[in-house]
Amino acid sequence: MTLYADLTEQQAAAALEEFLEERPAALRHLVLSVGDAVELDHSVRSLEPLWVWVKERLRLGPSGQQPSWSRLGVGSHERLDAGSLQLLDGLISYVVDIVTIAVPEATWEVATDPHPKFLHKNQPMLRAGAWEQVPAWTIGNLGRQVFSDWPPADDRLASIVDFWLFCLAEVANT
């Protein structure tokens, strides 16, 4: 399996395009799956009940067809089943929508760094000024942590995104 870190510049650009092309369908899947269980109003406060809802549905098992961020990711964690990966994929899209609604100037790019062991090398990165994040990495790890000895708290996702938005506001004010 080829990982993000091993991609050429052209492959990384293609992987970013694939990731971006997956966003609308992933969000539609999440919205249809959630139904009326959680109000998806694109607010940070909606993330707490949404994360509780998603966490209750995550399962380990054969991952089958994987979204690009999972297929090209680190691959060393216990694997979530296909349905769990779809939910996390939709959650990534929803979080990205929250951030980009709050900060419309945020753009996607391939994460690069001169350090050869850069953790996020070639991954899809959201950037606004000096602020940069790899949402798929953060949310994918939260999903895998559900099955660890230290599962993430119910408010963890909302706290992370709230912190991102705080940092974005700070960057905008400098």
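I start with P151, which lies in the loop between α5 and α6. Helices here are DSSP runs of H or I with at least four residues, strands are runs of E with at least two, and both are numbered from the N terminus. A word on the source: this is a predicted model, where local features need pLDDT of at least 70 and side-chain atom pairs count only at pLDDT 80 or more, while totals for chains, interfaces and linings use all residues. Residues are numbered from 1 along each chain as its sequence is written, and side-chain values use heavy atoms, with hydrogens and water left out.

Back to P151. Its relative accessibility is 48%, so P151 counts as partly exposed. The cut-offs are under 20% relative accessible area for buried, over 50% for exposed, and partly exposed in between, with a 1.4 Å probe and protein chains only. Not counting residues up to four places away in sequence, P151 touches Q145 and V146; contact means heavy atoms within 4.5 Å. The C-alpha atoms of P151 and V52 are separated by 12 Å, and these two residues are 99 apart along the chain.

Helix α5 covers residues 135-145, and nine of its 11 residues are buried. Among them are P135, T138, N141 and R144.

Which residues have the most contacts inside the largest nonpolar core? They are L47, L50, V54, L88, L157 and V161, in a core of 47 residues. The elements giving two or more residues to this core are α1, α2, α4, β2 (124-128), α5 and α6 (156-172). Helix α4 gives the largest share, 10 residues. By definition, a nonpolar core is a set of buried Ala, Val, Leu, Ile, Met, Phe, Trp, Tyr and Cys residues joined through side-chain atoms within 4.5 Å. Take V161 from that list: leaving aside neighbours within four places in sequence, V161 is in contact with V44, L47, V95, I98 and V99.

I98 comes up again with S43. S43 touches Y94 and I98, not counting residues up to four places away in sequence. S43 sits in the loop between α1 and α2 (47-55), and S43 is buried, with a relative accessible area of 12%.

H42 is in the loop between α1 and α2 as well. H42 is partly exposed because its relative accessibility is 29%. The backbone is the point of interest here: H42 has a positive phi of about 60°, although it is not a glycine. Most residues other than glycine have a negative phi. N122 also has a positive phi, about 70°, and is not a glycine. N122 is found in the loop between β1 and β2. Is N122 buried or exposed? N122 is buried, at a relative accessible area of 8%.

Now the aromatics. The structure holds two aromatic pairs. For F19 and W108, the ring centres are 5.2 Å apart and the planes are at 65°, so the pair is edge-to-face. Rings of Phe, Tyr and Trp (its six-membered ring) pair if their centres lie within 6.5 Å; planes under 30 degrees apart count as stacked, over 60 as edge-to-face, and the rest as tilted. This pair links distant parts of the chain, with F19 in helix α1 and W108 in strand β1 (residues 107-110), 89 residues apart. F19 is buried at 0% relative accessibility, whereas W108 is partly exposed, with a relative accessible area of 21%.

The rings of W131 and W164 have centres 6.1 Å apart and planes at 70°, so this pair is edge-to-face too. W131 is in strand β3 (residues 131-133) and W164 in helix α6, 33 residues apart. W131 is buried at 5% relative accessibility, and W164 is buried with a relative accessible area of 5%.

Last, the largest pocket. Its lining consists of E22, A25, A26, H29, Q65, Q66, P67, A82, Q86 and D89. The elements giving two or more residues to the lining are α1 (9-34) and α4 (82-102), and the largest share, four residues, comes from α1. A pocket here is an open set of points, on a 1 Å grid over the protein atoms alone, where a 1.4 Å probe fits, with protein on both sides within 12 Å along at least five of seven lines; lining residues have an atom within 4 Å of a point.
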